[in-house]
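My entries are set down in the order in which I looked.

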Amino acid sequence: MARSPARSLRWRAVARILIVAGGCRGRRLAAAMVHEGHAVRVTTRSEDARATIEAAGAECWIGTPDRLATLRGALENVTVLCWMLATAAGPPEELRALHGSRLEYFMTQAIDTTVRGVVYEARGASAVAHMLAGGEAIVRTIAERNAIPTAFLTTDPQDGDAWLADALAAVESLLSRA
């Protein structure tokens with residue numbers, strides 16, 4: 001007996017993923033998510049990275065957590081927000097802000113949008129553990145208060161393949177709940 005076309009098709013929801021931080025790992029995650037059929041938006045501080053982001057199949061958004069107003073529009077139509085700044089480099093006060101006040105403010109901006117899940121990169125080389133623990137607490141508190149599912153990426157970013165597999169799993173786990 002022949003299968004009907006409707007039964008043979010697997011329907012899969014397409015989601016828009018926002019990756020804040022368009023470095024090497026962010027672009028790798030973007031390419032993998034695009035391969036899975038999702039629309040991906042990746043942030044970068046300057047036009048210099050546009051070509052590599054777009055080569056990964058993602059939409060490039062020029063904006064920086066240093067000026068959160070430049071990121072507000074990037075939240076439009078996003079299902080999953082990925083805050084991937086655990087290996088950001090800079091002065092300690094800037095890193096504290098990335099995983100503290102800037103993260104907190106951005107999270108409060110995300111709650112009144114289409115965001116239905118947040119992935120927070122909670123392990124990195126440059127940010128000290130207490131900064132990341134503070135960021136994780138911020139994400140957990142705001143997300144729980146607003147019933148937004150979360151995933152915390154704790155894989156060593158130096159292990160690129162394991163990191164990518166875990167990042168993909170984190171996003172997919174949130175999409176399955178969205």
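The entries below cover the pocket, then the helix packing, then the loops.

**Ground rules.** I am working from a predicted model, in which local features need pLDDT of at least 70 and side-chain atom pairs count only at pLDDT 80 or more, while totals for chains, interfaces and linings use all residues. I number residues from 1 along each chain as its sequence is written, and side-chain values use heavy atoms, with hydrogens and water left out.

I looked up the largest pocket and found a volume of about 370 Å³. Of the 20 residues that line this pocket, Ala21, Gly22, Gly23, Met84 and Leu85 are the closest to its centre. A pocket here is an open set of points on a 1 Å grid over the protein atoms alone, where a 1.4 Å probe fits, with protein on both sides within 12 Å along at least five of seven lines, and a lining residue has an atom within 4 Å of a point. The volume is the space filled by probe spheres set on the points, which are joined across faces, edges and corners.

I then asked which element gives the most to the lining. It is α2, with four residues; α2 (24-35) and β2 (39-44) each supply at least two. Helices (H or I, at least four residues) and strands (E, at least two) are DSSP runs, numbered from the N terminus. By class, I note 10 nonpolar, seven polar and three charged residues in the lining, where Ala, Val, Leu, Ile, Met, Phe, Trp, Tyr, Cys and Pro count as nonpolar, Asp, Glu, Lys and Arg as charged, and the others, Gly among them, as polar.

**Helix pair.** Helix α5 (residues 101-110) and helix α6 (residues 129-145) pack at about 20°, with their axes 10 Å apart. α5 is therefore roughly parallel to α6, a term for angles under 35 degrees. The axes are lines fitted to C-alpha atoms over the stretch in contact, and angles run from 0 to 180 degrees between N-to-C directions. In α5, Leu103, Glu104, Met107 and Thr108 meet Gly135, Ile138, Val139, Ile142 and Ala143 of α6, contact meaning heavy atoms within 4.5 Å. I count these contact residues as six nonpolar, two polar and one charged.

**Loops.** Asn77, in the loop between β3 (59-62) and β4 (80-83), has a positive phi of about 60° although it is not a glycine. Ala147, in the loop between α6 and β6 (150-153), likewise has a positive phi, of about 55°. Most residues other than glycine have a negative phi. Pro149 also lies in the loop between α6 and β6. Leaving aside neighbours within four places in sequence, Pro149 contacts Arg116, Gly117, Val118, Leu174 and Arg177.

Key
Parallel < 35°, antiparallel > 145°, perpendicular 65-115°, else oblique.
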